[in-house]
Amino acid sequence: MTDRKAADIVSDGYKWGFHDEARPLFRTEKGLSRKVVEEIAGIKEEPQWMRDFRLRSLEIFEKKPMPGWGPDLSSINLDEMYYFARASDRAERDWKDVPDYIRRTFDRLGIPEAERKFLAGVGAQYDSEVVYHNIREELSKVGVIFVDMDTAVREYPDLVRQYMGTLVPPADNKFSALNSAVWSGGSFIYVPEGVRVDVPLQAYFRINAENIGQFERTLIIAEPGSFVHYIEGCTAPIYTTNSLHAAVVEVIVKKGARVRYSTVQNWSNNVYNLVTKRSIAYEDAVVEWVDGNLGSRTTMKYPAIVLREPGAHGEVLSLSFAGQGQHQDTGAKAIHLAPHTTSVITAKSVSKDNGRASYRGLVKVIRGAKGVRSSVRCDALLLDEGSRSDTYPTMEIDEQEATISHEATVSKVGEEQLFYLQSRGIAEQEATKMIVNGFVEPVVKELPMEYAVELNRLIELQLEGAVG
Amino acid sequence: MSKEGALFVIDNLHVSVEGKEIVKGLNLTIERGEIHAIMGPNASGKSTLAHALMGHPRYEITKGTVLLKGESIVGLKPDERARRGLFLAFQYPRAIPGVSMVNFLRSALRAVRGSDVPVREFRTMLQETMELLKVDESFARRYINDGFSGGEMKRAEVLQMSILQPEMAILDETDSGLDIDALRTVAEGINALANDQRGFLVITHYQRILNYVRPDHVHVLFDGRIIKSGGPELAHELEAEGYERLIGEYAAAQGVSK
């Protein structure tokens, strides 16, 4: 059972920070150059259009300045990183064919059990390559495509070409340009019209080679009337030098379709987690981002929803946990471009041991988008005196007939709440855990049970200070 | 009455809050099987006494002792006091959003007992107690005191007491803000728990609850001290006359002694 395994791991002093000896079969030279980008395209035997896309993106990346706002990124040393590594020669279909040392790592994460119990397919990214990708037959029978992005470029080039970069163009920001130049792995999902995928599709990402940045690229296309729930979970080993995770996620949700994208990630505390996530919702479509951010040194992530046509609805439910030395700069964007579109943003953060959590968000309503409703709620919980929480909400409302609300609360784990629980025999540490778990409950309850359990366990480890 | 064998002994208790002395030398002995009532006007030190006895960190015991089953509990954390059999029903219980009553009660019971509680036993116990206190089944799934009405909060306090079965229970103005039906139900909960092994300290402003929970002893608290003790008849006197006469006599006596 996953639970027992996790308990063993914890008793071993596990900090979600072990790493197997990584043995990349190949990696590009340190630093970023035209040569490196061409090499990546070459190794992957990519078509000319993708090679051009990468090179164009590299040029944009080189011209773009680092973001002039938000958290301090000055200690990222882009020249000291490797931008591509390959751990295994080919994508494996069968679990038994997965190399032993990789399997061991996943065993320790409890993945095989997870897969057996819950999953439709597992796309697990090891280093920069997908090594294990199992698609349930029923899915392919109804035309659902769930493959790693590299495979998608080879096998479904028309779909990839049509949609990739349409929501997050390379020029969007420095790190989307970087991702576009050196991306590797990630998931590609295509759900045909009217198809509802009842089981969540899951991918598990993991950085496991010092200095290897991970630049996965995910693209989801939901045709009219379809439904899919995609889950990404990330844990990462701990290393002494800075690691960079710069992903791009694009989600296209057509008329009447619904996509839920859930993330639970626990990067090790040296990782810069800079992710651009964006979705577009057409008529009566629904997009939901559920986003749990633990770990990392710095996270910058603001899932965005472009509400393009009337009746579209978007929700972002996010949770950040900032411990010692961590800055979680997270939030959401709702861009209302059509009348009668609605959005709900709920952001919760917990800060501890001088950790810092910021909410940064945007609600935009263009003129003529009448009858828009949007509500934003940010709740911050501070566990001690030195911890910090900030809110940076931006509202750009150019339409009179819109209902917009914003509410922010900051609370401390109160002496009175603790006293109350303690007066019932519950010791202080457990009482604190109960209060924090209660605080994050609205987010946790939206996750599939296994993830909810894992998230609660991660939070407990954080509270015990057991996470590096 | 032998002090050594008593369930709960408060001896010359002094309590300060933020450097200001509120309880100024209070003495009280509660034997097993006894129900004591402490009555007092506003600002007489009732809530301060309750908080200090339970071990609230901001209520500092500067002098005196408190013995539970013959052992001092001064300096112990609130959870340690609870595990030794002390309970406080709060006047203003705190909401803990996201934590269900049922999980909370189970954690608390496990903590107080020091061992796991079989699910079936716990369920039966919870069901029976909820029936007794006339609370809806949905109550168990609601978050602790979150959005509870005043009456629901007080029932929830008595529910917790009934589940945890403390040897010594302090009830801090559990009657305040209750309508007569709720008051009766809450009193039934207390009476159902009362036996010859338990002690109760019912702290109240009004005599009302004492019509339903019959105290063996009644004490009047004023200015951080017990200024008069008596039997149940004292409560009726207070109801009829108010606190003024007693306070007047006390002030006069103080004046004389000075």
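Student: Does B:Ala43 count as buried or exposed?

Tutor: This is a predicted model, in which local features need pLDDT of at least 70 and side-chain atom pairs count only at pLDDT 80 or more, while totals for chains, interfaces and linings use all residues. Residues are numbered from 1 along each chain as its sequence is written, with chains lettered from A and ligands numbered from 1 in the order in which they are written. A residue is buried if 20 or more other C-beta atoms, placed from the backbone, lie within 10 Å of its own, exposed if 12 or fewer, and partly exposed in between. B:Ala43 has 12 C-beta neighbours inside 10 Å, so B:Ala43 counts as exposed.

Student: What is the phi of B:Ala43?

Tutor: Most residues other than glycine have a negative phi. B:Ala43 sits in the loop between strand E3 (35–39) and helix H1 (46–54) of chain B; helices (H or I, at least four residues) and strands (E, at least two) are DSSP runs, numbered from the N terminus. B:Ala43 is not a glycine, yet its phi is positive, at about 65°.

Student: Where is B:Asp223 found?

Tutor: B:Asp223 is another residue with a positive phi that is not glycine, the value being near 55°. With 17 other C-beta atoms within 10 Å, B:Asp223 is partly exposed. Its place is the loop between strand E11 (217–222) and strand E12 (225–230) of chain B.

Student: How many bridges pair E11(B) with E12(B)?

Tutor: Two strands pair if DSSP finds at least two bridges between them. Across this pair, B:Val218 stands opposite B:Gly230 in E12(B). E11(B) and E12(B) run in the antiparallel sense, and their bridges number five.

Student: Which are the edge strands of the open sheet in chain B?

Tutor: The sheet has six strands in the order E6-E9-E10-E3-E11-E12 (chain B), with mixed pairing. From one strand to the next the twist averages 20°. An edge strand pairs on one side only, and in chain B this holds for strand E6 (86–89) and E12.

Student: How many residues of E9(B) are buried?

Tutor: In a regular strand the side chains alternate between the two faces of the sheet. B:Met168, B:Ile170 and B:Asp172 point one way from E9(B), B:Ala169 and B:Leu171 point the other way, and all are buried. E9(B) is mostly covered, and of its five residues the buried ones number five.

Student: What is the bridge partner of B:Ile170 in E10(B)?

Tutor: E9(B) runs parallel to E6(B), joined by four bridges, and B:Phe87 stands opposite B:Ala169 in E9(B). E9(B) also runs parallel to E10(B), and five bridges join these two. The partner of B:Ile170 in E10(B) is B:Leu201.

Student: At what angle does H1(B) run to E9(B)?

Tutor: Angles run from 0 to 180 degrees between N-to-C directions, and axes are lines fitted to C-alpha atoms, for helices over the stretch in contact. H5(B) packs on the sheet as well, touching E6 and E9 of chain B, and makes about 165° with E6(B). H1(B) lies across E3, E6, strand E9 (168–172), strand E10 (199–204) and E11 of chain B, and its angle to E9(B) is about 145°.

Student: How many residues of chain A are in contact with chain B?

Tutor: Two residues are in contact if their C-beta atoms, placed from the backbone, lie within 7 Å. By this rule 23 residues of chain B are in contact with chain A, and the number on the chain A side is 18.

Student: Which elements of chain B each supply at least two residues of the side that touches chain A?

Tutor: The residues of that side divide into 15 nonpolar, four polar and four charged. Here Ala, Val, Leu, Ile, Met, Phe, Trp, Tyr, Cys and Pro count as nonpolar, Asp, Glu, Lys and Arg as charged, and the others, Gly among them, as polar. The elements are helix H2 (78–83), strand E7 (96–100), helix H3 (101–113) and helix H5 (150–164) of chain B.

Student: How far apart are the axes of helix H2 and helix H3 of chain A?

Tutor: A:Arg34, A:Val37 and A:Ala41 in H2(A) meet residues of H3(A), including A:Met50 and A:Leu58. Helix H2 (residues 34–43) and helix H3 (residues 48–63) of chain A pack at about 155°, and the distance between their axes is 10 Å.
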